[in-house]
Amino acid sequence: MGDAAFRVIGMSRGAGLCFTEMVSAQGLARENSRTLELTALTRAERPAGIQLFGADPAIMEEAAGRCVAMGPQLIDINAGCSVRKVLRTGAGAGLLADPDLLYRVTAACVRAASCPVSVKMRLGLSEERINVRESALAAQEAGASLVTLHPRTAAAKYAGRARWEYIAVVKEALEVPVCGNGDVRSPADAVRMLVETGCDAVMIGRAAVGDPWLIGNTLRALAGRPVSPGPATGERIEQALEHLRLAVSLKGGRRAVREMRVH
């Protein structure tokens with residue numbers, strides 16, 4: 001859902017930074033064509049970060065080095081994905097099982113990158129294994145310039161509420177900026193997250209799918225301005241058509257139409 005077409009639309013609506021879909025470090029190391037396609041960034045998508053996943057420090061270092069050629073403003077390490085096939089490899093939220101490994105993976109990417117490196121993480125693998133403070137400190141000590149927290153465990157996936165109080169815990173523990181993520185479904189949610197947690201930035205994820213107007217309205221709310229009413233039907237249709245035309249130009253009609261359904 002976070003493909004190039006949607007990133008262009010998000011940036012046109014005022015997003016301050018966008019990210020690629022999750023990119024396999026192994027795929028980059030093997031020069032897989034589909035994986036390389038995910039790292040391509042156009043001018044209209046910037047500033048943008050490339051998000052990598054993997055658990056082998058050497059391969060992550062090689063992948064981060066390859067990403068540099070794409071000219072991202074940021075390389076983001078995924079330490080939050082809770083999909084089983086990713087966890088089985090020790091990647092995604094699997095990195096939270098071993099803060100020392102998270103440190104080594106982060107340090108490897110920092111060595112290879114000429115741009116800042118960030119880490120996006122969850123609270124831990126499960127309720128019994130919440131170690132987000134230790135993991136966040138490991139990322140910072142390894143050279144991460146930003147930590148983004150989605151405050152649910154990997155086991156919870158997207159169930160229950162995002163526990164914003166942990167964003168405040170991480171913000172208090174770290175010297176680098178902290179970005180909050182999770183359950184930001186409205187402009188008021190974004191304002192409340194900043195006020196309640198003291199975080200430095202807010203990441204909007206699933207709520208923007210099919211609703212890019214949320215980005216501009218969030219900026220208005222953060223600036224203390226009135227939020228615009230929802231778009232008229234004609235505007236919504238035209239935006240959907242613009243999105244589809246852009247997606248078709250980037251990936252062809254059959255694939256673009258199939259992938260547009262999520263929006």
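Beyond its neighbours within four places in sequence, Thr-218 is in contact with Pro-187, Ala-190 and Ile-204. The model described here is predicted. Thr-218 belongs to helix 10, which spans residues 213-222. The relative accessible area of Thr-218 is 6%. Buried residues are those under 20%, so Thr-218 falls in the buried class.

Cysteine pairing was examined next. The structure contains zero disulfides. A disulfide requires a pair of cysteine sulfur atoms within 2.5 Å. For Cys-81, the closest cysteine sulfur is that of Cys-109, 16 Å away. Cys-81 is therefore too far from Cys-109 for a bond. For Cys-115, the closest cysteine sulfur lies in Cys-67, at 8.3 Å. This separation, too, is too far for a bond. Cys-81 has a relative accessible area of 10% and is buried. Cys-115 is likewise buried, at 14% relative accessibility.

A further site is Gly-90. Gly-90 is placed in the loop between helix 5 (84-87) and helix 6 (99-112). Setting aside residues up to four places away in sequence, Gly-90 touches Ala-55 and Leu-95. The C-alpha atoms of Gly-90 and Glu-21 are 19 Å apart in space. In sequence, Gly-90 and Glu-21 are separated by 69 residues.

Key:
Residues are numbered from 1 along each chain as its sequence is written. This is a predicted model: local features need pLDDT of at least 70, side-chain atom pairs count only at pLDDT 80 or more; totals for chains, interfaces and linings use all residues. Side-chain values use heavy atoms; hydrogens and water are left out. Helices (H or I, at least four residues) and strands (E, at least two) are DSSP runs, numbered from the N terminus. Buried means under 20% relative accessible area, exposed over 50%, partly exposed in between (1.4 Å probe, protein chains only). Contact means heavy atoms within 4.5 Å.
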